Amino acid sequence: MIYLASQSPRRRQLLDQLGVRYTLLLPDDADAAEALEAVRPGEAPAAYVRRVTRLKLDDAVRRLRERAWPPAPVLCADTTVALGRDILGKPADATDAAAMLRRLAGATHRVITAVAVQVGDARHEAVSDSRVRFAPLDERDIAAYIAGGEWDGKAGAYAIQGQAAAFVQHISGSHSGIVGLPLFETARLLRQAGVLRDA
């Protein structure tokens, strides 16, 4: 059993695919947790996602100790979308989401997911870096997607496991990493943590 410090239902589904049992270890203050995702000026996307994942894990391990729950590995992850060096995080509103989709249309962007697992004082980390190419999108495509609400709370304003899959011409990398938890890297970390055994 592990503790999953993530509110993402997609991450839960992906852990289910691995057959890993987990208990949610969520923050008491969702706004404070969101504040950890603030981007520093000039920060590179890969450095950003690693730093945020480490901060989330630090926070989760502290919560585990404060709650005096039984010890077990703690897993955290964070995903960001990057267009060049620009980080496209969760959109503030529908207008922001539409602006992000206009930028992604007809272009190739990166989806970077960092994963970290802590067992006792030992920490294991990995990063998945994938490329996604969107087809050109017209305003009707964007407006219809925005109207569906799927963009809300999603880095880059889209979810590849939803209707936005119709925008994707090509991916290179980890589909599960783009969804939010790269299974290859996560399984490796969980083996290092003694949660999974080698096949």
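Start with helix 3 and strand 5, which each supply at least two residues of the lining of the second largest pocket. (Helices, H or I of at least four residues, and strands, E of at least two, are DSSP runs numbered from the N terminus.) This is a predicted model, where local features need pLDDT of at least 70 and side-chain atom pairs count only at pLDDT 80 or more, while totals for chains, interfaces and linings use all residues. Residues are numbered from 1 along each chain as its sequence is written, and side-chain values use heavy atoms, with hydrogens and water left out.

**The second largest pocket**

Helix 3 is the top contributor here, with 3 residues. The space comes to about 180 Å³. By class the lining splits into 7 nonpolar, 2 polar and 1 charged; Ala, Val, Leu, Ile, Met, Phe, Trp, Tyr, Cys and Pro count as nonpolar, Asp, Glu, Lys and Arg as charged, and the others, Gly among them, as polar.

As for what a pocket is: on a 1 Å grid over the protein atoms alone, it is an open set of points where a 1.4 Å probe fits, with protein on both sides within 12 Å along at least five of seven lines, and lining residues have an atom within 4 Å of a point. Grid points are joined across faces, edges and corners, and a volume is the space filled by probe spheres set on the points.

**Ala-68**

Next, click Ala-68, in the loop between helix 3 and strand 3. Its phi is near 55 degrees, a positive value in a residue other than glycine. Most residues other than glycine have a negative phi. Is Ala-68 buried or exposed? At 65% relative accessibility, Ala-68 counts as exposed (over 50% is exposed, under 20% buried, in between partly exposed, with a 1.4 Å probe and protein chains only).

**The largest pocket**

Now go to Ser-8, Arg-11, Glu-37, Lys-56 and Lys-90, which lie nearest the centre of the largest pocket, out of 35 lining residues. Helix 1, helix 2 (30-35), helix 3 (45-67), strand 3 and helix 6 each give two or more residues to that lining. Strand 3 gives the most, with 5 residues. The volume is about 610 Å³, and the lining has 18 nonpolar, 7 polar and 10 charged residues.

**Tyr-145 and its surroundings**

Zoom in on Tyr-145. Not counting residues up to four places away in sequence, Tyr-145 touches Leu-101, Glu-150, Trp-151, Ala-157, Tyr-158, Ala-159, Gln-163, Ala-164 and Phe-167 (contact means heavy atoms within 4.5 Å).

From there pick Ala-157, in the loop between helix 5 and strand 7 (168-172). Ala-157 has a positive phi of about 70 degrees although it is not a glycine, and its relative accessible area is 0%, so it counts as buried.

Then move to Asp-141 in helix 5 (residues 139-148). Asp-141 is partly exposed, at 30% relative accessible area. Which residues is Asp-141 in contact with, leaving aside neighbours within four places in sequence? They are Pro-136 and Phe-167. Asp-141 and Phe-167 sit 26 residues apart in sequence, yet 9.0 Å apart in space, C-alpha to C-alpha.

**Helix 7**

Select residues 183-192, helix 7, and colour its buried residues: Leu-183, Glu-185, Thr-186, Ala-187, Leu-189 and Leu-190. What covers them includes strand 1 (2-4), helix 1 (9-18), strand 3 (74-83), strand 5 (108-119), strand 6 (122-134) and helix 6 (175-179). After helix 7 comes Gly-194, with a positive phi near 80 degrees.

**Zooming out**

Finally, show the whole chain as a cartoon: 7 helices and 7 strands, in the order β-α-β-α-α-β-β-α-β-β-α-β-α-α. Of the 199 residues, 49% count as buried.
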